[in-house]
Amino acid sequence: MADNQEPVFNIQRIYLKEASLEQPNSPAILLEQDAPNVEIQLGLGGEQAADGVYEVTVTATVTTKIGERTVFLVEAKQAGIFEIRNLPEEQMNGVMGVACPQIIYPYLRGNVADIVQRAGFPPVHLAEINFQAMYEQQLQAAAAEGPADGAAVQ
């Protein structure tokens, strides 16, 4: 009977896990007239929190510089707690690497824009991300590397 259970996917909670803002060269850098360079890095994470319950995180780091001097640095980590049960093991990575981040990411985008704007700067709007394409690229890269030590691929 246990094999006939329906898959379960529920959002338990979406929350801002961590956020920081640094303006190490204020106020002098705020008087600069040059346009700053903006660099954005994204990261994904996930771990099991309890039986059938997982926390997935999406982190954005936004660094804005004029020359070598930092105007501002924002790091925000948006998280979600998801109940995921009765899903085949081979589908778990896709759910945790695609479906969950797609749900979390809009909240992260809004929080980053809000933090930057509240710091007195025009908001930085993170670009839309195709997590499916990102996940597929990671799978292709892993397949290109091949199995380590001659181990068979399952």
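Me: Which residues are linked in a network of salt bridges?
Reply: In this predicted model, a network of salt bridges links Asp 51, Glu 83 and Arg 85.

Me: How many salt bridges does a search of the whole structure find?
Reply: The search finds six. Among them is the bridge between Lys 17 and Glu 55, whose closest N and O atoms are 2.9 Å apart. Lys 17 is in strand β1 and Glu 55 in strand β3, so this pair links distant parts of the chain, 38 residues apart.

Me: Is Glu 55 buried or exposed?
Reply: Glu 55 is buried, because its relative accessible area is 9% and the cut-off for buried is under 20%. Lys 17 is partly exposed at 42%.

Me: What does Arg 69 form a salt bridge with?
Reply: The partner of Arg 69 is Glu 32, with 2.6 Å between the closest N and O atoms. Arg 69 belongs to strand β4, and Glu 32 to the loop between β1 and β2.

Me: And where does Arg 109 lie?
Reply: Arg 109 lies in helix α1. Its side chain meets that of Glu 128 in a salt bridge of 2.6 Å, N to O. Glu 128 is in the loop between α1 and α2, so the pair ties together parts 19 residues apart in sequence.

Me: Changing topic: which side chain makes a polar contact with the side chain of Gln 78?
Reply: That of Asn 111, at 2.7 Å. A polar atom of the Gln 78 side chain also lies 3.1 Å from the backbone oxygen of Tyr 15. Gln 78 is found in strand β4 and is buried, with a relative accessible area of 2%.

Methods: Residues are numbered from 1 along each chain as its sequence is written. This is a predicted model: local features need pLDDT of at least 70, side-chain atom pairs count only at pLDDT 80 or more; totals for chains, interfaces and linings use all residues. Side-chain values use heavy atoms; hydrogens and water are left out. Helices (H or I, at least four residues) and strands (E, at least two) are DSSP runs, numbered from the N terminus. Buried means under 20% relative accessible area, exposed over 50%, partly exposed in between (1.4 Å probe, protein chains only). A polar contact is a pair of N or O atoms within 3.5 Å; within protein, one must be able to donate a hydrogen and the other to accept it, and residues adjacent in sequence count only if both atoms are side-chain atoms. A salt bridge is a side-chain nitrogen of Lys or Arg within 4 Å of a carboxyl oxygen of Asp or Glu.
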